[in-house]
Amino acid sequence: MLRRLEPLKSWEGVLLVILIGIVIFNSSMTPHYLQFQNQINLFQLHIEKVIIALIMTFIIINAEIDISVGSVMALAGCVMGYLFEKGLPFELCVLAGLLTGALTGAFNGFMVAHVKMTSLIVTLSGLIGYRGLAHVLLENRSVGNFPEWFDRLGQKPLVGPFPFALILFFLLLIIALIILQWSGAGRYVFVIGNNSEVARYSGVNVRRVKMTLFIISGLVSALGGLLLAARLGSIRGDMAIGTELEVITMVLLGGVSIFGGTGSLFGVLLSILIILNLRNGMGLLNVPGENQTGVIGALLILSVLGPNIWLGISESWNRRHVQRTRVGEEEKGG
Amino acid sequence: MIKKLMILGVVLTLVLSACGPATTEAPATEPPATEMPATEMPATEMPATEAPATEMPATEAPATEAPSGDVVKATPGKELNMVFLPKFLGNAVFDEAHAGALEAAEELQNPAELQFLAPATGGEGAKQVEIITNATTQGVNAIMLSNNAGDQVAPAAQAARDAGIAFVTWDSPIPSAEGEQVFVAQVDFAETGQVMADMARNILGEDGGKFAVLSAGPDSANQNAWIAAMEEVLAQPENANLELLEIVYGNDETEKSTQEALALVDKYPDMELIMAPTTVGIAAAAKAMQDEGLCETVKVSGLGLPAEMVSFVKNGCSPEFALWSFKDLGYLTYYLTYMIASGDLQGVEGEQFEAGRMGTYTIEKDPTRDVGLRVLMGPFSQYNADNIDAAVSP
C-alpha cells in the first residue's frame with residue numbers, strides 16, 4: 001500500500017498534490033476556469049516565460065544561472081524593431097533579432113566557460129547592459145505595425161484552437177525532455193552540475209557544454225522576445241522587465257537545486273502549471289494586483305525552502321521506516 | 001523512471017481533463033447568451049455574436065440604424081457585469097474616478113457589483129492585457145479602460161469586442177482605436193497643450209525661460225497627446241522664448257518621478273520649471289524641489305490633484321496647476337458604457353445621450369486621433385493660491 005504512494009514522496013509528488021488542489025479550488029470557485037479557451041489563455045499570457053524556463057532548467061542544473069534573459073528578450077525585440085523602422089525586409093529583421101540573442105548568449109557563454117567568470121556576475125552585467133542597449137536603440141519610442149502574418153502568429157490560433165507559441169512550447173518541451181532525461185548530453189549537464197572538475201577529468205568537454213547552453217539560452221530568449229512582440233503587436237525598450245525572476249521562480253519551485261546537479265523537467269513542468277493556474281485563478285477571482293504579487297513572492301520563498309525541507313522530512317521518514325522494517329525482520333528471525 | 005512517467009501521465013491526464021469540457025461548453029469567443037441582455041434588444045443590434053472575428057459591428061452599423069438625433073436616456077435596473085480598469089492601483093485620481101463610477105452605478109440601479117481591477121504599479125502596463133483577457137473569459141458585459149500600454153492592449157481589446165463585450169476607454173485611449181468603441185476624453189487634448197503652455201508662460205514670465213516635461217510612461221497615450229499638443233503651441237512665434245529642454249518619464253511612480261526630477265535639476269542648471277502632466281509626477285517633483293530647497297529657482301506645474309497640491313501651492317513650489325474632475329469622468333464613463341452594454345446606445349457617431357446629473361453629451365469623431373470616436377467631457381479647472389482652499393474644502 002505504502003509502496004504505491006512512493007512517487008508522491010518526492011518533491012514532484014508534493015507539487016502534483018498542490019497542483020491538483022489549485023485545479024480543484026479554481027474549478028469550484030469559477031465556472032470559467034475549465035473553459036477550453038481559458039486553458040489556452042492561461043498558457044498564452046505567459047508563454048514566453050514558460051518557453052525560456054525550459055532552457056533555464058538546463059542552465060541551473062548545470063550549476064550556472066542566466067539572469068539576462070529578460071534583457072535579451074528586449075534587446076532582440078528592439079533590434080528587430082529598429083531595423084524594421086529603418087525599412088529592412090521584415091523577415092531579415094526577425095533573423096537579426098534571433099541572431100542578436102545567439103550572440104549575447106555566445107558572449108555570456110564565453111565569459112563563463114573560457115574566462116571562468118561566475119555566471120551570476122556575467123549575466124547580471126548582461127541584465128543591465130543588454131537592457132541599456134535596447135533603450136539606446138528605441139529610446140522611448142514603441143515600434144509596431146508589423147506585417148499581418150507576424151501579429152496573427154502571436155494573437156490568433158494556428159492549428160485548431162492552438163496558437164503557434166503554445167504548439168512550439170510543447171515541441172520544445174518534448175525535445176528538452178528527451179535531451180535532458182534520456183540522452184548522453186543530458187547526463188553531461190547533470191554531471192557537470194554536480195562537480196565540474198570531476199566531469200572535466202572524466203573527459204567531458206565542460207566548456208563546450210556550457211558554451212552551447214548559454215548560446216541556446218540567448219537564442220530561446222530572443223525567440224521569447226519576438227513571440228512577446230507578436231503577441232502584443234509592438235515593441236518597447238522596457239518590455240519583459242522582471243521576466244528572469246519569474247522564469248527562475250518556475251525552475252526553482254520545480255525542485256531544481258540552485259546549486260546544480262539535481263532537478264528534472266517533470267518538476268519544472270508541474271511548477272509551471274502551478275504558477276500559471278494559480279495566476280489564472282487569482283485573475284478570474286478578481287484578486288487585486290498587489291495581492292497577486294504577494295502570492296507569487298511567497299511562492300518564490302517556498303520554491304527555495306520547500307525542496308530542502310521536504311528532503312529533510314522524507315529522509316527522516318525513510319530512516320524511521322527502514323528501522324521499523326529492520327525491527328520487524330529481527331523479531332521474525334528471533 | 002517509472003515514477004517520472006507516472007507523474008507525466010497524471011499531469012497530461014490533468015491537462016486533458018481540464019480541457020475536456022470545452023466541447024460541451026461555449027467557447028469564450030461566443031458571448032454567453034444568458035449574460036447578454038440580447039433579449040431586450042432588436043436582433044439587428046446584435047451583430048457581434050455572429051459577426052466574423054475581424055468585423056467591428058459598432059462602428060460599421062448599417063445605415064438604417066443611423067442615430068435619430070434624439071437624446072437617448074438610460075434604462076435603469078439592468079444587471080450588467082462591468083469592469084473598471086484604471087492604469088494602476090493606489091492612485092488618488094483613479095480612486096476618485098472609481099467613486100464617480102460607483103455613484104453612476106447606484107443611480108442606474110445595476111444590481112451587479114462593479115469590478116475595480118488594475119495592475120499594481122504604473123510600470124506594468126502590459127499586465128492590463130491579462131486583466132482584459134481574464135474579463136473576456138468571465139464573459140463580463142463591459143470593460144472601461146484607462147490605457148497604459150499603448151497599442152499593446154489592442155489585440156486583447158479586439159478579442160473582447162469579438163466576444164460581444166462593450167469596450168469604452170476613458171482618461172487614456174487606445175491610439176489605434178482598435179477594439180475600442182468610444183473614448184471618454186476628460187478635456188480636449190489640444191486645449192490641454194494650450195493650458196500647459198499658458199501656465200508655463202504665467203510662471204516663467206514674458207521673458208520666457210527653459211523648462212522640462214516630466215511625464216508618466218512613454219506609452220501613456222493621453223500624456224503623449226497633450227505633450228504633442230503643447231509642442232505645437234510652443235512652435236508658434238510668440239512662444240519662441242519658451243524652450244522645452246527634454247521630456248523624461250517617471251512611469252507614474254513616485255520614486256522614479258522624484259529621481260527624474262532631481263536628475264533634470266542636475267542636468268540643466270538654468271532650468272526654471274518642471275511641467276508634469278500627471279498627478280503623480282507633479283506631486284513628486286514639487287516635493288523634491290521643496291525638500292531640496294529649490295523652489296525659488298525651479299517651479300513645478302502641470303496637472304495635479306488639488307488635495308495633493310495644497311501645501312505646494314501655498315509655499316510657492318507650485319504656484320499654478322490644472323485638472324478636471326476625475327469623479328465626473330468616472331461617472332460619465334459609467335453612464336456611457338452602461339448604455340452601450342445595455343443596447344440603449346450603439347456607440348456610433350452622432351448619438352446623443354443623457355448622463356444623469358452631468359447633462360447631455362454627443363458621440364463624435366475624435367479630432368486628436370486619425371481614427372476613433374470620443375465623448376468630450378471638459379472643462380478645465382485651473383488652481384492657484386486664490387482658489388485652492390475652496391477646491392479642497394468638502
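In chain B, the domain assignment (bounds taken from an automatic or database assignment) comes out as domain 1 (71-186 + 326-378) and domain 2 (189-323). This is a predicted model, with local features needing pLDDT of at least 70 and side-chain atom pairs counting only at pLDDT 80 or more, while totals for chains, interfaces and linings use all residues. Residues are numbered from 1 along each chain as written, chains are lettered from A in the order written, and side-chain values use heavy atoms, leaving out hydrogens and water.

Taken over C-alpha atoms, the centres of domain 1 and domain 2 of chain B sit 28 Å apart. Their contact (heavy atoms within 4.5 Å) draws 21 residues from domain 1 of chain B and 16 from domain 2 of chain B. About 1,300 Å² is buried between the two, 58% of it from carbon and sulfur atoms; buried area here is the accessible area (1.4 Å probe) lost on putting two parts together, summed over both. On the domain 1 side, B:K87, B:V93 and B:T368 supply 23% of the area buried against domain 2 of chain B, more than any other three residues.

The axes of helix 5 (residues 90-113) and helix 11 (residues 206-232) of chain A come within 7 Å and cross at roughly 150 degrees, with axes fitted to C-alpha atoms over the stretch in contact and angles running from 0 to 180 degrees between N-to-C directions. That makes helix 5 of chain A roughly antiparallel (over 145 degrees) to helix 11 of chain A.

How values were computed. Helices (H or I, at least four residues) and strands (E, at least two) are DSSP runs, numbered from the N terminus. Angles under 35 degrees count as roughly parallel, over 145 as roughly antiparallel, 65 to 115 as roughly perpendicular and the rest as oblique.
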